[in-house]
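Please keep the sequence and the model in view while reading.

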Amino acid sequence: MMDKRIKGIAAPLPLANVDTDVIMPKRFLITITREGLADGTFADLRFDATGGKRANFALNQPPWTTTSILIVGDNFGCGSSREHAVWGLRQLGIDACIGTGFAGIFYDNVRKNGFALPIVSPAVRDALLVFAGDPKDVEVVIDLGQRGITAGEITAPFDTDDARQTALFRGRDDTLDTLDHARRSAGLRQVYPPKCALTSSNRQRRGCFLKPSDT
């Protein structure tokens, strides 16, 4: 089994049903690039109307200002399909969210961006929230190979699908997988050339009738 671990400071974010508009408010979606989205991530939770930092929000307090792992409430990432929410989390330095379950589209978007979403039982999640809420010792280790989490005296397994685990190990996303499939398809076309050729002049099909023996 390959060894890959995510290790860092964990912050508690116990709110349930945190949707993508909370993660990345729509006013930050005007950019045509991925740059600068860290400022928009959790903007309404992190900042007040004047732009000042909200002192009671965990990510604005040490040691959680350098958080790389979030312990989240139920149904994190619900709402619209905006991938900007995932981009913003990554730019903010978040490598993983640990929770009891995640919204489907958010779960799929995360796979494309090298992000881990360990799924644990409610009891384990609640224990991790308590652990992460104590500023004395907030380091959490996520062992992707063994599918286990260690936080102080807490050790617990987590669920993830095989495709996501492989993508994290190999640094893959849908674009790279598509390019791989395209190269393989090109190789197959050389071994099994198409029966139907296209003329260069009128692009109309020629010789596309299969004989009975070809079916």
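The side chains of Asp-95 and Arg-90 form a salt bridge, with 2.8 Å from N to O; such a bridge is a side-chain nitrogen of Lys or Arg within 4 Å of a carboxyl oxygen of Asp or Glu. Asp-95 is partly exposed because its relative accessibility is 28%, and Arg-90 is partly exposed because its value is 30%. In these terms, buried means under 20% relative accessible area, exposed means over 50%, and partly exposed lies in between (1.4 Å probe, protein chains only).

The model is predicted: local features need pLDDT of at least 70, side-chain atom pairs count only at pLDDT 80 or more, and totals for chains, interfaces and linings use all residues. Residues are numbered from 1 along each chain as its sequence is written, and side-chain values use heavy atoms, with hydrogens and water left out.

**Salt bridges**

By this rule the chain has seven salt bridges.

| Pair | N to O distance | Relative accessibility |
|---|---|---|
| Asp-95 and Arg-90 | 2.8 Å | Asp-95 28%, Arg-90 30% |
| Asp-44 and Arg-27 | 2.7 Å | Asp-44 41%, Arg-27 48% |
| Lys-7 and Glu-139 | 3.8 Å | Lys-7 56%, Glu-139 41% |

The bridge between Lys-7 and Glu-139 links distant parts of the chain, with Lys-7 in strand 1 and Glu-139 in strand 4 (residues 139-143), 132 residues apart. Lys-7 counts as exposed, whereas Glu-139 counts as partly exposed. A network of salt bridges also links Asp-74, Arg-125 and Asp-126.

**Overall composition**

The chain contains seven helices and eight strands; these are DSSP runs numbered from the N terminus, with helices (H or I) of at least four residues and strands (E) of at least two. Of the 215 residues in the chain, 40% are buried.

**Strand pairing**

Strand 1 and strand 2 run parallel and are joined by four bridges; two strands pair if DSSP finds at least two bridges between them. Pro-12 has Ile-71 in strand 2 as its bridge partner. Strand 2 also pairs with strand 3 (residues 96-98), in the parallel sense and over three bridges, and Leu-70 has Cys-97 of strand 3 as its bridge partner. From strand 2 the chain passes through helix 3 to strand 3 in a right-handed β-α-β crossover; right-handed means that, with the strands pointing away from the viewer, the path from the first strand over the helix to the second runs clockwise.

Both faces of strand 2 are covered, with Ile-69 and Ile-71 buried on one side and Leu-70 and Val-72 buried on the other.

**Nonpolar cores**

The largest nonpolar core has 28 residues, and those with the most contacts inside it are Phe-42, Leu-70, Phe-76, Leu-89, Cys-97 and Phe-106. A core of this kind is a set of buried Ala, Val, Leu, Ile, Met, Phe, Trp, Tyr and Cys residues joined through side-chain atoms within 4.5 Å. Strand 1 (5-13), strand 2 (69-72), helix 3 (84-91) and helix 4 (104-111) each supply at least two of its residues. Helix 3 gives the most, with four residues.

Leaving aside neighbours within four places in sequence, Phe-76 is in contact with residues including Leu-13, Phe-42, Leu-89, Cys-97 and Phe-106, where contact means heavy atoms within 4.5 Å. A second, separate core of 20 residues includes Ile-6, Ala-10, Val-120 and Leu-129.
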